[in-house]
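Student: I have a structure to go through. Can we take it piece by piece?

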Amino acid sequence: MEIKISPVNEGEWMESDVSAMGTDDAVRPEIKDALFQIDSLSFWYRESQALHDISMDIPSRQITAYIGPSGCGKSTLLRCFNRLNDLIDEVRIEGDIRFEGASILDPSVEVNSLRKRIGMVFQKSNPFPKSIYENVAYGCRIHGIRRKRDLDEIVERGLRGAALWDEVKDRLDESALGLSGGQQQRLCIARALSVEPDVILLDEPCSALDPVATAKIEELMQELKKRYTLIIVTHNMQQASRVSDFTAFLYHGRLIEYAETKTLFIRPRKKQTEDYITGRFG
Amino acid sequence: MERTLDRDLDEIRQSLLRMGGLVEAMLDQAEKSLMERDADLAKHVIKSDPEVDRIEMDLDEMCYSVLARYQPAAVDLRFVAAVIKINNDLERVGDSAVNIAQAVLALSEEPPLKPYIDLPRLFEIVRGMVRDSLDSLVRQKPSQALDVCDRDDQVDGLYKQIFRELLTYMIEDPKVVTRALHLLLISRNLERVADHATNIAEDVIYYVEGRDVRHSAK
C-alpha cells in the first residue's frame, strides 16, 4: 500500500485539479466553461480595500455561491458583475472581469445593456408600487417594447419562469405590494427574467423569507440554471450547500477557497474554510 | 471556540470508546477462555453482548441527532459519518467474540485436539489491530491507522496456515473433525475481526484526511 500521509490543511494533495491562475495561494477548481473570468480584482471604498487580488472563473449555467462572514466582500464582489458599484462615489477598482471574454470594466461598456444581460435580485424584495403586470413589463417598456401582445407574452413568460404564474394569473392588475414576501421575491426574479438576461445575481435572496418560501426559491434556482448562470451571495451556509454547484469562500476580501460545493463542504483544504463552515470562527 | 456541537461530538466519542473497550475485553476473555478451558468465562463473554448492542443503538441515535440538529460539515461531518460505520464494525466484532465463546464452550466438553500455537498469535495480532484502530481514532493519527491496514495481510496468511493444518488433522482422523471445525470457526471469526479493524482504520483515515483508501485506492 502506497499512501502519502500529509496533514489535511497543507493544501498539497490533489494539486492536479488546482488551476495555475492567480498569484495568491487560494484553492481553485478547474472551470471548463467559464462565463466570467475575474482577473486579479481589487476594490477600494476610499482608502479601505474591500477586495484583494481576486482571480476566479465563474462557470456558465451553474450556480456559484459566495460565502463568508459579514464584511468579507462577497456583496461588493457580486455588485462588480453588473457594475452596480458605479453608483457609489469614491470607489476604485483594479484588475478585470471578463464576460464572454470581453472586459466589463472598460469605460466604453454600455452599462445599461450590461445590466440587461446581468440581472439582479436583492435581499429585500423591492417590487415597484405598481401592478403585478407592470412590474414584469416595466423593463421591456423602457427598452422600447410597446405592443400589448408582446408585453403580455413577456409578462407570462417571466412569471412562469419565476414559478409565480399560477398563483397570480387571475390578479395581474392588483398591486404587487399585496403579494407575500416570497411571492414578491419571485416577482423580482420574474422582473429580472423579463429582459432575457444571461446571468442572474442574487444577493441574499432568501434571508427575509420563511423556510417554505425559501424552498420555493431554491427549487426555482435549480430550474433557472438550465437557462441562466446564477451567482448567489448568502450567509446561510446550508443554503449554499443545498443549491450551489460551486462555492467560493471569501475572508477579509480575499478568496480563500473555491471548489465544487460538495468538496468544499466535505473536505475543505484550507484551515480557514474548515473553521468557518464548522462554526469554529472567532 | 467551544461549540455546542463539541459537547455532543465528545459524548459520541466517549460512547464509541466505551464500546471499543467492551469488545476488546470480550476478545481478551474469549482467548483466555479458550486457552484455560474456562467455560464460565466464555459464558461471561456471551452475556456481555447485549450491552454492546445497546450502545450500538444509542450511538446511532446520537449520530442521527447531531446530523439533524447541526447539519455538520467538513471534519465534523466526516467524524459522524465515520462513527456510524465504526459503530457497526465494533458491534460485529462483539458478535465474533460471542461466536468464539460459543465454540470454546463446545470445545471445553472434549479433550484438547492439540497444543495451540498459531491461534494465540492470531489472537494477539487481531486484538492489536482492534486496539490500534481505536487508538488511531482517538489520536487522529492516520499513520497508525494505515499500519493496521497493513497487518491484515499477516492475519490472512496466518489464517490460511491454520486452515491447512486443521485440514490435515481432519484428513488423518475423522474423529477430530468436530473439534477441528470449532477451531476453524474461531480462526475464521478472528480473521473477520481483523477485517472489521481494517474497516475502522480506513474510516479513521477518511475522518482525519478526507481520503477514501478503500478497495482500489489502497
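Tutor: Here we go through the two chains, then a few single residues.

Student: What ground rules come with the model?

Tutor: This is a predicted model, where local features need pLDDT of at least 70, side-chain atom pairs count only at pLDDT 80 or more, and totals for chains, interfaces and linings use all residues. Residues are numbered from 1 along each chain as its sequence is written, chains are lettered from A and ligands numbered from 1 in the order in which they are written, and side-chain values use heavy atoms, with hydrogens and water left out.

Student: Start with chain B. How many helices and strands does chain B have?

Tutor: Chain B has six helices and zero strands. Read from the N terminus, the elements go α-α-α-α-α-α. Helices (H or I, at least four residues) and strands (E, at least two) are DSSP runs, numbered from the N terminus.

Student: What does chain B span along its principal axes?

Tutor: The C-alpha trace of chain B covers about 65 × 35 × 20 Å.

Student: How much of chain B is buried?

Tutor: Of its 218 residues, 53% count as buried. Buried means under 20% relative accessible area, exposed means over 50%, and partly exposed is in between (1.4 Å probe, protein chains only).

Student: And the accessible surface of chain B? What does it come to?

Tutor: About 10,000 Å², with 51% belonging to carbon and sulfur atoms. The areas come from the Shrake-Rupley method with a 1.4 Å probe; for residues, only the protein chains shown count as cover.

Student: Which residues does Val155(B) touch?

Tutor: Leave out residues up to four places away in sequence. Then Val155(B) touches Leu122(B), Ile125(B), Val126(B), Met129(B), Glu191(B) and Ala194(B). Contact means heavy atoms within 4.5 Å. Val155(B) sits in helix 5 (residues 142-172). Val155(B) and Leu122(B) are 33 residues apart in sequence, yet their C-alpha atoms are 6.6 Å apart.

Student: Is Val155(B) buried or exposed?

Tutor: Val155(B) is buried, at 0% relative accessibility.

Student: What about Ser187(B)? Where does it lie?

Tutor: Ser187(B) is in helix 6 (residues 177-209) of chain B. Ser187(B) is buried too, with a relative accessible area of 0%. Beyond its neighbours within four places in sequence, Ser187(B) contacts Leu119(B), Leu122(B), Tyr159(B) and Ile162(B). Its C-alpha is 8.1 Å from that of Phe163(B), 24 residues away along the chain.

Student: Where is Arg37(B)?

Tutor: Arg37(B) lies in the loop between helix 1 (4-35) and helix 2 (39-70). Arg37(B) has a positive phi of about 50°, although it is not a glycine. At 35% relative accessibility, Arg37(B) is partly exposed.

Student: Switch to chain A. What is its secondary structure?

Tutor: Chain A comes to ten helices and ten strands. Its radius of gyration is 20 Å, close to the 19 Å that the globule rule gives for 282 residues, so chain A is as compact as a globular protein of that length. The C-alpha trace spans about 70 × 40 × 35 Å along its principal axes. Buried residues make up 52% of the 282.

Student: Where does Asp53(A) lie?

Tutor: Asp53(A) is in strand 2 (residues 48-59) of chain A. Its phi is near 50°, a positive value in a residue other than glycine. Asp53(A) is partly exposed, with a relative accessible area of 26%.

Student: Now cysteines. How many disulfides are there over all chains?

Tutor: Zero, from a search of the whole structure. For Cys80(A), the nearest cysteine sulfur belongs to Cys72(A), 13 Å away. A disulfide is a pair of cysteine sulfur atoms within 2.5 Å. Cys80(A) is buried, with a relative accessible area of 2%.

Technical notes: The radius of gyration is taken over C-alpha atoms; the globule rule is 2.2 Å times the number of residues to the power 0.38.
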